[in-house]
Amino acid sequence: MIKLDDVSVKFGSETLFDDLSWTITPEEHRIGLVGPNGAGKTTLLKLIAGRMTPDSGTITREGVSVGYLEQDVQELPEDRTVRDEALRAFEDVIALEEKEKDITERLNETDPESEEHEKLINQLGRVQEKLNKSESHRIRPRTEATLTGLGFDPDELDRPLRTFSGGWRMRAALARLLLREPDILLLDEPTNHLDIESIDWLEDYLDTYPGTVILVSHDRYVLDRMVTATAEITRGRLLHYDGNYSHYLKAREERYARWQNEYENQQKRIKEIEEFISKFRYNASRASQVQSRIKKLEKMDRIPPPPDNESEIHFRFPDPPRSGRVVLELSSFSKTYETERGAERVFTNAGPLTIERGDKIAMVGPNGAGKSTLARILRGVESFEGERELGHKVNLSFYAQHQADMLDANQTVFDAVREAAPDRPKTELRNLLGTFLFTGEDAFKSISVLSGGEKSRVALACTLLSTANFLILDEPTNHLDIQSKEVLIEALQQYEGTFVLVSHDRHVLDAVAEKIWRIGGGTVRTFLGNYSDFRWQVEHGSARPLEGTTSAANPEEVESNSTRSQNGRDHSKNSSSSTSTLPSDGRFADLNSYQLKRKLEETEEEIMEIEERQEELEAKMADPDAYEGEGTQARELSDEYNALKKELSSLYETWEALTEHVMALDD
């Protein structure tokens, strides 16, 4: 158990925590720690982990182990391999293995009839008993499974850490922490450097974690799926809620409403007492009553005002000029990088791809699969094998985190956004900067003193102020808090242009995407709908996983003809595929000619049934009686019609793919 009693922390004149108390038990709880930026979430984790000491109050730790993953891991020894870093979770077991080896060597050199030999035999027995108890035979398979779950390829595990980026080193540190299995696990933004597949794996892993997990995250999807309780830091206090993040938002609204009522009632009572004191202060006959009320005010436990509700900040893109119907076209394309390890194939005869006016496309896939490469190809700044044609009257704007390096270091934050949109009102620009966490005087900081994350937020704000009718956004949600993401979501939902978005935030993808491009195995596959629709099609529908997709959370999805290169990029091995003349779409690769034709007939029948049902619904929706009363029947008819429309679009895509396969067989 960890117990915080009346803990207070100050930074200069600012009080972060004031008599904060919290009891944490090492049971199977998954707690989301939430609060606005600067509320002290990271500081609280450091206090619990023993990395900081409070200014006052006590922190008691009774018989529990604590593991803490910071947002930015400390420097790891560069010569240590990924596997060795993760195996540090079992240092005591490895020490026993070394001891066993040492004793065994000494036994071989000792006279079997000697007393020393007998002592060594006894020592070896005790060591082996401890090794059996610790299940030493499982530590290496567990380590490899955890590392592959977090996205490492098996052939990468013995590479030195120095050959990996900071994000991949973070994964190695996370693997070590998970394998340690501390009683209380503290995770500060653990998904920042993970792709969607690795996040899925981590959620599944933590779902059965045998201890308490306290998680700080700006990913609503993670908070909704994983946490069973929510702790909110506000005004230096800690408020507890049962349930996930969505439940917390509703419960918080109710609690704040009660809090506001209690505060207002007390303020009303205080005002009445103060008016009585003021009125009769110099009235001798009322002196005792006045003194009684003065003492009452002094003893009153004042209710602080509740936190202001998160201000509703709204942002709209400038109305973009109308582009032609076709925004951009890519022919079939390939892309190869030449590295010191040889040629690395990213795309192999992928496409062709067409982006039409109004498309809202999200690219998903493992880290290194080629999402950012394709974004640069679409932008026209990456060479490739193929052709790219930009449509009529298309004005393109591109955002990626490296755009931050192009900001003028001599400007202030406000100057940068004002230059991007000189005609927008000053108040609107300040509101937008507040959305991206530049409040008050922060808006007038020099670009030169900003951190990398802060510069990225400024660059994103400038991008959103552009009048482009085609946006390519590469990981715009990094470094944004939940409120900032909601503003971005609203802006993208109302945007009248066309965009392609790369993001691992599934809540954002669900809210804004209408088409998914799944990148992996050297190919691009298209799915209609948002991220949840895409997941349903992969898990329950007719869509088969992409060739070459590597997902340790779902090992059955891994194809044997694909591997990930040494720097995390997915690429297909050179293989002889000349034995098949079927189209590249791999969803029906396992079906023979009879099964393909039968599947095509079934799909056609299903399409006809849905079209007939749509005609019935259209007739009912045209009946004025459906709109009587509260219009419940009309809404139900409309909902069913829209659901059928989406299902029909998916079936048309399946029908076209099947037809292509059958025609290839007939040829």
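These legends walk through several close-up views of a predicted protein model. Local features here need pLDDT of at least 70, side-chain atom pairs count only at pLDDT 80 or more, and totals for chains, interfaces and linings use all residues. Residues are numbered from 1 along each chain as its sequence is written, and side-chain values use heavy atoms, with hydrogens and water left out.

View 1. Of the 667 residues, 47% count as buried, meaning under 20% relative accessible area, while exposed is over 50% and partly exposed is in between (1.4 Å probe, protein chains only).

**View 2. Two nonpolar cores.** A nonpolar core is a set of buried Ala, Val, Leu, Ile, Met, Phe, Trp, Tyr and Cys residues joined through side-chain atoms within 4.5 Å. The largest one has 54 residues, and Val-82, Phe-152 and Leu-174 are among those with the most contacts inside it. Helix H6 (residues 166-180) gives this core its largest share, nine residues. Another core, of 48 residues, lies apart from it and includes Val-417, Ala-461, Leu-473 and Leu-492.

**View 3. Helix H9, end to end.** At the start of H9, a side-chain oxygen of Asn-244 comes to within 3.3 Å of the backbone nitrogen of Ser-246. Buried residues of H9 include Tyr-256, Trp-259 and Phe-276.

**View 4. Arg-140 meets Glu-97.** Their side chains form a salt bridge (3.0 Å, N to O), that is, a side-chain nitrogen of Lys or Arg within 4 Å of a carboxyl oxygen of Asp or Glu. Arg-140 sits in helix H5 (residues 139-149) and Glu-97 in helix H3 (residues 91-108), so the pair ties together parts 43 residues apart in sequence. Arg-140 is partly exposed, at 38% relative accessible area, whereas Glu-97 is buried, at 19%.

**View 5. Lys-485 meets Asp-505.** In this salt bridge the closest N and O atoms are 2.7 Å apart. Lys-485 belongs to helix H15 and Asp-505 to the loop between strand S18 (498-502) and helix H16 (506-512), so parts 20 residues apart in sequence are tied together. Both Lys-485 and Asp-505 are buried.

Conventions: Helix = DSSP H or I, 4+ residues; strand = E, 2+ residues; numbered from the N terminus. Polar contact = N/O pair within 3.5 Å; in protein donor to acceptor, adjacent residues only side chain to side chain.
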